[in-house]
Amino acid sequence: MFIPKHFQVSDSEEIDRFIARNPFGILVSSHDQQLVATHLPVHRVSENLLQAHVARANPQWQQLDGQEVLLILSGPHDYVSPTWYEEPGVPTWNYQAVHIYASVTCFTDTDRLKELVLSLSNEYESSRANPWPGEFDARMLKAIVGIDLTIKDIQCKYKLSQNRSENDQRNVIAELEQAGNVPLAHAMKELNK
């Protein structure tokens with residue numbers, strides 16, 4: 001990913017927070033000499049390991065084992081009008097993104113798949129008023145393939161008007177809030193703390 005210095009994020013704790021807040025991504029790999037992509041949630045197992053699963057019917061997994069892949073995670077984003085600046089500018093887009101380069105190992109072991117499904121579910125059910133109890137017919141696990149993503153490199157870019165004056169940044173935040181993109185406005189405010 002092209003990352004000018006003023007948009008680069010290298011703080012590992014900030015990157016970890018971003019991944020935790022934005023766990024739904026796009027897994028890009030090669031299949032029959034073509035690029036293919038699957039949208040999926042990921043679960044952080046450890047510092048260097050993510051897990052996910054795809055439908056067994058999805059042909060992407062059939063050539064995935066052993067590949068180096070790209071997982072793209074995106075945060076809030078929005079159009080930024082040059083009319084929001086005090087100084088001259090051009091139309092642009094503010095966004096947050098992480099690119100994770102990883103090697104893949106696929107698995108179909110029922111116990112591991114069950115553990116993955118329950119881990120993902122528990123992560124998102126724990127805050128619900130009526131959480132799903134985690135009970136399901138284990139035969140359903142035959143419909144998915146697990147993926148271990150061993151992280152090789154992480155690149156993080158926050159393009160949040162850091163190249164603009166403080167006044168321009170405040171104006172962009174105000175316009176984003178007025179337009180209803182509070183998450184992106186909040187990300188900009190957090191960056192300037």
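A: Of the chain's 193 residues, 41% count as buried, where buried means under 20% relative accessible area, exposed over 50% and partly exposed in between (1.4 Å probe, protein chains only). This is a predicted model, in which local features need pLDDT of at least 70, side-chain atom pairs count only at pLDDT 80 or more, and totals for chains, interfaces and linings use all residues. Residues are numbered from 1 along each chain as its sequence is written, and side-chain values use heavy atoms, with hydrogens and water left out.

Q: How many helices and strands does the chain have?

A: Helices (H or I, at least four residues) and strands (E, at least two) are DSSP runs, numbered from the N terminus. Here there are 4 helices and 8 strands, in the order β-α-β-β-β-β-β-β-α-β-α-α.

Q: Which residues of α1 are buried?

A: In α1 (residues 12-21), they are Glu14, Ile15, Phe18 and Ile19. They lie on the same side of α1 because they cover an arc of only 140 degrees around the axis, the arc being that of the directions from the helix axis to the C-beta atoms. Glu13 and Ala20, on the other side of α1, are exposed.

Q: What covers the buried residues of α1?

A: Contact means heavy atoms within 4.5 Å. The cover includes β1 (8-9), β4 (43-46), β6 (68-80), β7 (92-107) and β8 (144-159).

Q: Is Met140 buried or exposed?

A: Met140 counts as exposed because its relative accessibility is 57%. Met140 is located in the loop between α2 (110-125) and β8.
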